Amino acid sequence: MTLLETVHSPAVVKKMSVQELNTLAEEIRQGILKRDSLIGGHVGPNLGFVEATLALHYVFNSPVDKIVFDVSHQCYAHKMITGRQNGFLNPNDYEKISGFTNPHESEHDHFAIGHTSTAVSLASGLAKARDLKGEKYNVIAVVGDGSLSGGEALEGLDFAGSELGTNFIVVINDNQMSIAENHGGLYNNLKLLRETNGQAETNFFKALGYDYLYVNDGNDVEKLIAAFQSVKDADKPVVVHLNTLKGKGYKLAETYKEPWHWSVPFDVTSGEKTVDFGGGESLDDLTYNYLQDKIKKGEKVAVVVAGTPGVFGFNEQRRQEMGAHYIDVGIAEEHAVAMSSALAKGGCRPVFFVHSSFLQRTYDQLSQDLALNKNPAVILVYWSGISGGDATHLGCFDMALAANIPNITFLTPVTKEEYMAMLDWAMTQKDGPVMMRVPNAVVHGDSVQPKADEIKTMAWAHKGEKVALLAVGEMLGLAQKVADKLKALQVDASVLTVRCVSEFDEATLEALKANHKVVVTLEGGVITGGFGEKIARYFGSSELKVLNYGLKREFTDRVPVDEIYRENRLVPQLIAEDALKLL
């Protein structure tokens, strides 16, 4: 039996010698690599934070002492020594645990966190609650992988350092990387502190009111234990700055830090990916080539990302090729939106690339800084729609969130031809901001691209009667299957694609009244606040009946996509039956 198999709680770790802890660290790394290689996951961040995790649990008394992980990229070792090692050792149990901290799994996890820059704010709330209740325990916030560039992290540090005046420990996991390279002046100070062994006079954390401790070898478990013991039960806020090696123990991840931050399944020996996503045409490539062509022609295009360039296909070579036109603001989506608004005001055409589930951070800036000012920035939303992802990475809320903000045009292309035509229109129009869901796959449709005056209209895929199926974006395929079911039941249904969910194509909607009795809306997002509800309201005073299909207002967590479709009646046979009942 391995050491790891005997660790069912942190209490076991506390009894180990330094030698045993080092052995355990290697076993944990093997567990991380085994799980990641088979189902994918965060590789480099977790490999680099193993010793620090062991030292934290050796010194502190979790869950009485509260350890709050930022992003959760670094939480795999924590999960293994808090009773969840089978989720890394037994393939049958891999899917039973989340890749992020989750209070439903363990009392040692305090928040469901998969996004960034939150740990300091959350931990400061726990510390304040502790103080108000007259309790006594340690609160530790673990921050890393670029989280310090996020606004919430800076707000939390600013507050806690000067306002708490009590026990509050911030562990900075400084592996010299964000997801890609670091951006922002704060990281220059971290570099200076590393180069001076923590002795530099210029110290961001001291300026905010923290005591400060630097550990140059953040992967030496004995030194880490000593450091944490020295700050345990401190009576004022303190920062422990760790210099760690991202990807430690796996040469490929140590050498190629960016591509090994997160990986799809791979062969551990060679590093080769074992999942084939197919080759061929890519919307990432098409988008990059389109924008790069504009840049080469001298157009004032600004490509803006917030710390996650790999999501959008911007590898290191492409970033260099774009030169000054490429802007990475760090993990600061709020700043990215406001800056994009100002770039547009200043005469450039910004294109902000954002993951759908990161969009909610930007609501205030979308509304006030961008939409209210009607500046023609372009926002491309990736990984949107129905997915079986973690609860923190769902792409089903973007339309309800943003399409209801005045002055924003929200487009939902389904084919490559629609996408490229809409992108071209968005880059030249001057009426206001345009957001667009980027299709998750290249789908070829009619080679005739919609003209500028057709961008916001619905397109007839098939003209029928009685039942009209309005499909938002990628739901066109489902609509066509529903139409086939209805045709088998002697109903020749119309099928229309919805290109814009922020405005009505009133001419087409009025035309439906002539020979249709039922309108069915299909959208890859939550129904509440979605496109379908607007259509139901539009037809509310008419004789047309409306059925809305989409997702319930809920957080799903690693639920298979097929199951999500069934639970929401997004099944051709069921939709056809519902429509027939209303005829």
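**Helix packing and buried residues in a predicted model**

In helix α6, the residues Tyr76, Ala77, His78, Lys79, Met80, Ile81, Thr82 and Arg84 are buried. The structure described here is a predicted model. Helix α6 covers residues 76-84, and eight of its nine residues are buried, so this helix is largely enclosed by the rest of the structure. A residue is called buried when its relative accessible area is under 20%. Cys75 falls under that cut-off and is therefore buried, with a relative accessible area of 0%. Cys500 is also buried, because its relative accessible area is 3%. As for bonds between cysteines, a disulfide is a covalent bond that joins the sulfur atoms of two cysteines. When the whole structure is searched, zero disulfides are found.

Attention can now turn to how pairs of helices pack. Helix α3 spans residues 18-39 and helix α5 spans residues 50-59; their axes come within 9 Å and cross at roughly 125°. Angles from 65 to 115 degrees count as roughly perpendicular and those over 145 as roughly antiparallel. The two helices, α3 and α5, are therefore oblique to each other. The crossing in which α3 passes α5 is right-handed. On the α3 side, the meeting residues are Leu21, Leu24, Ala25, Ile28, Arg29 and Ile32, while α5 brings Val50, Glu51, Leu54 and Tyr58. Sorted by class, this contact of α3 with α5 holds eight nonpolar residues and two charged ones, with no polar residues.

Helix α3 is also the place of Glu20. Is Glu20 buried, partly exposed or exposed? With a relative accessibility of 34%, Glu20 counts as partly exposed. Apart from its neighbours within four places in sequence, Glu20 is in contact with Leu3 and Lys15.

The axes of helix α16 (residues 333-345) and helix α17 (residues 363-371) come within 9 Å, and the crossing angle is roughly 15°. This angle makes α16 roughly parallel to α17. The crossing of α16 and α17 is right-handed. Glu334, Val337, Ala338 and Ser341 of α16 make the contact with Gln365, Leu366, Asp369 and Leu370 of α17. By class, the contact of α16 with α17 has four nonpolar residues, two polar residues and two charged residues.

The last pair to be described is α20 and α24. How do the axes of these helices cross, and at roughly what angle? Helix α20 (residues 476-488) and helix α24 (residues 572-582) have axes that come within 8 Å and cross at roughly 60°. Helices α20 and α24 are therefore oblique to each other. Their crossing is right-handed. From α20, the contact is made by Leu478, Lys481, Val482, Lys485 and Leu486, and from α24 by Pro572, Gln573, Ile575, Ala576 and Leu580. The residues of this contact of α20 with α24 divide into seven nonpolar, one polar and two charged.

Note on methods. Residues are numbered from 1 along each chain as its sequence is written. This is a predicted model: local features need pLDDT of at least 70, side-chain atom pairs count only at pLDDT 80 or more; totals for chains, interfaces and linings use all residues. Side-chain values use heavy atoms; hydrogens and water are left out. Axes are lines fitted to C-alpha atoms, for helices over the stretch in contact, and angles run from 0 to 180 degrees between N-to-C directions. Helices (H or I, at least four residues) and strands (E, at least two) are DSSP runs, numbered from the N terminus. Angles under 35 degrees count as roughly parallel, over 145 as roughly antiparallel, 65 to 115 as roughly perpendicular and the rest as oblique. A crossing is left-handed if the near helix is turned anticlockwise from the far one by less than a right angle, and right-handed if clockwise. Contact means heavy atoms within 4.5 Å. Ala, Val, Leu, Ile, Met, Phe, Trp, Tyr, Cys and Pro count as nonpolar, Asp, Glu, Lys and Arg as charged, and the others, Gly among them, as polar. Buried means under 20% relative accessible area, exposed over 50%, partly exposed in between (1.4 Å probe, protein chains only). A disulfide is a pair of cysteine sulfur atoms within 2.5 Å.
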